[in-house]
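Thanks for asking me to look over this model.

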Amino acid sequence: MNNSQIIHPAIALTGDICIPGDKSISHRTVMLAGLADQPVQVNNFLMADDCCSTIACMQALGVEIGRLDDSSIIIKGNGLRGLKEPYNVLDAGNSGTTIRLLTGILAAQPFISLVTGDDSLRQRPMGRVITPLKTMGANIRGRDKDRFAPLAVLPVNDLVGVEYNMSVASAQVKSAILLAGLFAKGPTTVIEPVRSRDHTELMMEAFGVKLQRDHNSVTLYPPAGLQAPASFDVPGDISSAAFWLVAASVIPGSSLVLRNVGVNPSRTGILDVLTGMGADIRLINERLSGKEPVADIAVNYSQLKGITIDGEIIPRLVDEIPILAVAALAAEGTTIIRGAGELRVKETDRLAAITAEFTKMGAVIQENPDGLEIVGKQRLSFALCDSYHDHRIAMTMAIAGAFGQGAQIINADCVRISYPDFFAELNRLACCVGGISS
């Protein structure tokens, strides 16, 4: 079958692995460095499809970006107000981060921009970004009454700083507002019901932007320009590390050390939940990379127990819920996930996808409007599983197959969106019955 991967049961996963660069941070380095005056070398950049979409869009806006090697790039921006009108429609590919954050930047430009994406991205909600930007004075039009891409971003005289109360915590929406706030007259304040990941705030501070943070609110004071660091090292992506954290925790005999992982507290919900389930996880060699905390993570097999996952921790691990479903299936007792309705508007409806694909493997999962209920100690049979062209679903099913009796995953190459070497690394780390084949 074309574009499929066969996963065989794993006896154990052992070894060291260097985690690829954080996707969220990689996106933001390109955008902020593209608005700076000084060249910035970015190391451990995630050279995956989503981040390459951001590179292509910023290049189309006049930013010079060169590739130094497989994980390093040099970005030469034209200053805060130096972007150029694009010759063609900007294509964000499958990347919600690209289109939502870029719209915040484009809203302040003195030229017309059109931005779109692939079939999946054109079905994902954009009104949540358009609404606050319009309150700042932006002129944005989208398909179906401004709900979806393609988006037309029209020039306006000026944006005005606002105080915006968000009904749902979202790092992408917050970041779009703050990026627009770089160009606005007066300060911009974003207030969230609970605090989402703060990579944008930390990176803006690294670029010399004055911010004031107070609990769940952040205020940006527009700068005259961005003061870029000469180089920036991207930490490893904890969302990518999550697959190995769960795999090593549920497959007997496993022992892994994950190198150079970003452990920003706004992203470490996965560590808190797995530790709460009884996982054997230790942070070692803790340090800082710029303003981002980084560590190596040692994880060993352990017997997990079911817990309830809800409330303020959800924004800190929403991308990791698919793989946490595998942990729940291995755990003793019942795991309940609530407040995760955001998963229904990701690359696919991830709650429905998890339920459908694990059901094919013989699992019993109760799907609720905003979450899942999973009784543990379930055995997984071999099944033909669909990724839905969703990278996190593909990798989740791969770990489920390694934990269970194997799987064949169709549309598996979507892992290029965030983790191009995922299957090669699984093959290297896993002692498998038969290995992994395509």
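**Notes on the model**

1. D198 is buried, because its relative accessible area is 6%, and the cut-off for buried is under 20%. Please keep in mind that this is a predicted model. In the chain, D198 sits in the loop that links strand 11 (188-191) to helix 7 (199-206).

2. Which residues does D198 touch, not counting residues up to four places away in sequence? They are K174, R213, N264 and S266. With R213 there is also a polar contact: the two side chains are joined at 3.1 Å.

3. Among the residues that line the largest cavity are K174 and R213, both of which touch D198. The lining also includes V190, E192, R195 and E201, as well as H215, N216, S217 and V218.

4. Now for an open space. The largest pocket has a volume of about 650 Å³. Of the 38 residues that line the largest pocket, A171, V318, D319, E342 and K346 are the closest to its centre. Helix 1, helix 3 (96-106), helix 6 (171-181) and helix 12 (391-403) each give two or more residues to this lining. Which element gives the most to the lining of the largest pocket? That is helix 1, with four residues.

5. Is H27 buried or exposed? H27 is buried, because its relative accessible area is 0%. Leaving aside residues up to four places away in sequence, H27 touches D50, C51, T54, S95, T97 and T98. If you want a distance to check in your viewer, the C-alpha atoms of H27 and G104 are separated by 14 Å, and these two residues are 77 apart along the chain.

6. Helix 1 (residues 23-34) also lies across strand 3, strand 4, strand 5 and strand 14, at about 30 degrees to strand 5. These strands make up an open sheet of four, in the order 4-5-3-14 and with mixed pairing. Its edge strands are strand 4 (64-69) and strand 14 (231-233), each of which pairs on one side only. On average, neighbouring strands of this sheet are turned by 20 degrees against each other, direction ignored. Within the sheet, strand 3 (residues 40-43) and strand 5 (residues 72-76) are antiparallel and share four bridges. In this pairing, V40 is opposite I75 of strand 5.

7. A second open sheet of four strands, again with mixed pairing, has the order 18-19-21-20. Strand 18 (308-309) and strand 20 (365-368) stand at the edges with a single partner strand each, so one side of each has no neighbour in the sheet. Strand 20 pairs with strand 21 (residues 371-375) in the antiparallel sense, over four bridges. The bridge partner of I365 in strand 21 is I374.

8. Helix 10 (residues 321-330) lies across strand 18, strand 19 (334-337) and strand 21, and runs at about 20 degrees to strand 21.

9. My last point concerns strand 17 (residues 292-300). Why is strand 17 described as largely enclosed by the rest of the structure? Seven of its nine residues are buried, so the rest of the structure largely encloses strand 17.

10. Strand 17 has two antiparallel partners to look at. Strand 15 (residues 255-262) pairs with strand 17 over six bridges, and V257 stands opposite A298 there. Strand 16 (residues 280-289) is joined to strand 17 by eight bridges, and R282 stands opposite A298 in that pairing. Strand 16 and strand 17 form a hairpin with two residues between them. In the turn, G290 has a positive phi of about 65 degrees.

Terms used. Residues numbered from 1 in each chain as written. Predicted model: local features only at pLDDT ≥ 70, side-chain atom pairs only at ≥ 80, totals over all residues. Heavy atoms only, no water. Pairing = 2+ DSSP bridges. Contact = heavy atoms within 4.5 Å. Axes fitted to C-alpha atoms, helices over the stretch in contact; angles between N-to-C directions. Buried < 20%, exposed > 50% of the residue type's maximum accessible area, 1.4 Å probe, protein only. Polar contact = N/O pair within 3.5 Å; in protein donor to acceptor, adjacent residues only side chain to side chain. 1 Å grid on protein atoms, 1.4 Å probe; cavity = no way out; pocket = protein on both sides within 12 Å on 5 of 7 lines; lining within 4 Å. Points joined across faces, edges and corners; volume = space filled by probe spheres on them.
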